[in-house]
Amino acid sequence: MTRLLKDFQLAFRAELSAFLQSVEKRAFKQAVYTLRNDDAALDAVQDAMLKLSVSYGDRPAEEFPMLFQRILQNVVYDALRRQKVRNTWTTLLSSFVGDDEQDSDNDPLDTLAADSDAAYASTPHGHYERARTLAAIEREIERLPNRQREAFLMRYWEEMDIAETAAAMGCSEGSVKTHCSRATQTLAAALKAKGIVL
Amino acid sequence: MNEQAFARRVTAHLSAAARDVDDDISARLRQARERAIAAHRPAHGIAGRFSGSVLRRLFPPVIRSAAMAVAILAVVLSGDYWMTWSRVSTLQDVDTALLIDDLPIDAYLDANFKAWLQQDSHS
């Protein structure tokens with residue numbers, strides 16, 4: 001019986017580990033889009049993983065995506081608030097802080113067009129342009145309002161349904177649809193303005 | 001292009017970006033995952049978790065409320081059955097004692113016994 005229970009616990013851990021492994025890189029990227037800092041994003045993902053494992057590790061595996069997204073968003077917003085407080089003090093204490101946002105406005109991708117042709121994409125030039133297209137998309141994702149980005153990424157990247165997304169975001173299903181629609185329109189318009197056609 | 005198709009194309013690019021994260025970041029994410037897994041402790045012990053999981057598998061969310069209703073009904077019916085059985089059992093003891101003329105003399109001295117006997121024989 002003890003052996004059976006031990007096997008059972010190992011199976012649970014393997015289930016949780018497989019889930020975290022499948023989601024960790026996307027979670028890191030999601031955190032980066034909001035926090036715009038790799039170290040802060042890594043800390044946020046680590047916190048979210050720990051909280052899921054310690055507090056919700058016993059829950060059925062099908063609940064993990066919604067729970068993890070909810071925890072991740074909370075952790076990321078906490079980090080964002082701390083970051084803002086820190087930046088306020090830094091700005092007050094020093095007038096020599098550079099503005100990264102202004103630098104990022106000098107976008108070299110204004111005339112770049114996306115090309116989905118596999119043969120073209122496999123060439124060095126294709127790789128280069130693909131990387132630049134990717135950078136442009138990520139920049140536009142970062143520029144979305146937080147709630148729109150959150151809804152868009154959960155709904156379409158994490159492939160959560162509307163009810164799960166609403167539960168994770170703590171809002172109504174109608175709000176999720178509105179956020180997703182606005183995010184898509186904003187992204188499409190921004191990419192089109194840069195000459196990127198997906 | 002509709003919203004879904006556009007979103008799929010955007011997320012395909014994002015997935016490519018996620019796959020291409022630095023080795024250093026991948027390693028740190030792996031360490032974070034391993035730490036999280038190591039910190040995991042079953043909230044109600046292994047046995048509790050085992051039984052919880054078995055119950056969840058036996059009763060998926062769709063039939064969970066129906067199973068709960070059936071369980072409540074079973075408790076109510078079994079309670080009613082037990083009450084009836086104990087009452088009948090008590091009456092049986094008295095009837096048996098009366099029939100074999102083995103009723104204690106105190107019973108005949110009890111003022112309420114005769115009234116109870118009449119009321120019981122009427123019912």
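Trainee: Why is the pair of B:Arg33 and A:Glu24 called a salt bridge?
Mentor: A salt bridge needs a side-chain nitrogen of Lys or Arg within 4 Å of a carboxyl oxygen of Asp or Glu. The closest N and O atoms of B:Arg33 and A:Glu24 are 2.8 Å apart. That is within the limit, so the name holds. Between chain B and chain A the count is two salt bridges.

Trainee: What are we looking at, and how is it numbered?
Mentor: It is a predicted model, in which local features need pLDDT of at least 70, side-chain atom pairs count only at pLDDT 80 or more, and totals for chains, interfaces and linings use all residues. Residues are numbered from 1 along each chain as its sequence is written, chains are lettered from A and ligands numbered from 1 in the order in which they are written, and side-chain values use heavy atoms, with hydrogens and water left out.

Trainee: What makes B:Arg28 and A:Asp39 a salt bridge?
Mentor: Their closest N and O atoms are 3.2 Å apart, and the rule asks for 4 Å or less. This pair crosses between chains, from helix α2 of chain B to helix α2 of chain A. Helices here are DSSP runs (H or I, at least four residues), as strands are (E, at least two), numbered from the N terminus.

Trainee: Are B:Arg28 and A:Asp39 buried, partly exposed or exposed?
Mentor: Buried means under 20% relative accessible area, exposed over 50%, and partly exposed in between (1.4 Å probe, protein chains only). B:Arg28 has 31% and A:Asp39 has 43%. Both values fall in between, so both residues are partly exposed.

Trainee: How is the extent of the contact between the chains given?
Mentor: As buried area: the accessible area (1.4 Å probe) that two parts lose on being put together, summed over both. Chain B and chain A bury about 4100 Å², 68% of it on carbon and sulfur atoms. The contact (heavy atoms within 4.5 Å) takes 40 residues from chain B and 47 residues from chain A.

Trainee: What makes A:Ser53 a buried residue?
Mentor: Its relative accessible area is 0%, so A:Ser53 counts as buried. A:Ser53 is in helix α2 (residues 38-56) of chain A. Leaving out residues up to four places away in sequence, A:Ser53 touches A:Leu16, B:Ala36, B:Ile37, B:Ala39 and B:His40. A polar atom of the A:Ser53 side chain lies 2.5 Å from the backbone oxygen of B:Ala36.

Trainee: Why is the pair of A:Phe19 and A:Phe68 called edge-to-face?
Mentor: Rings of Phe, Tyr and Trp (its six-membered ring) pair if their centres lie within 6.5 Å; planes under 30 degrees apart count as stacked, over 60 as edge-to-face and the rest as tilted. The structure holds four aromatic pairs over all chains. For A:Phe19 and A:Phe68 the centres are 5.8 Å apart and the planes stand at 85 degrees, so the pair is edge-to-face. The two lie 49 residues apart, A:Phe19 in helix α1 and A:Phe68 in helix α3 (residues 64-93) of chain A. A:Phe19 is buried at 12%, and A:Phe68 is buried at 0%.

Trainee: Why is the pair of A:Tyr33 and A:Trp157 called tilted?
Mentor: The planes are at 35 degrees and the centres 6.5 Å apart, so the pair is tilted. A:Tyr33 is in helix α1 and A:Trp157 in helix α7 (residues 146-157), so the pair ties together parts of chain A that are 124 residues apart in sequence. A:Tyr33 and A:Trp157 are buried.

Trainee: How do you know that A:Lys194 and A:Glu140 form a salt bridge?
Mentor: The N to O distance is 3.5 Å, within the 4 Å limit. A:Lys194 is in the segment after α9 (173-193), A:Glu140 in helix α6 (residues 124-143), 54 residues apart in chain A. Both A:Lys194 and A:Glu140 are buried.

Trainee: What separates B:Glu34 and B:Arg30 in helix α2 of chain B?
Mentor: About one helical turn, because they are four residues apart in that helix. Their side chains meet in a salt bridge at 3.6 Å, N to O. B:Glu34 is partly exposed at 44%, and B:Arg30 is partly exposed at 38%.

Methods: A polar contact is a pair of N or O atoms within 3.5 Å; within protein, one must be able to donate a hydrogen and the other to accept it, and residues adjacent in sequence count only if both atoms are side-chain atoms.
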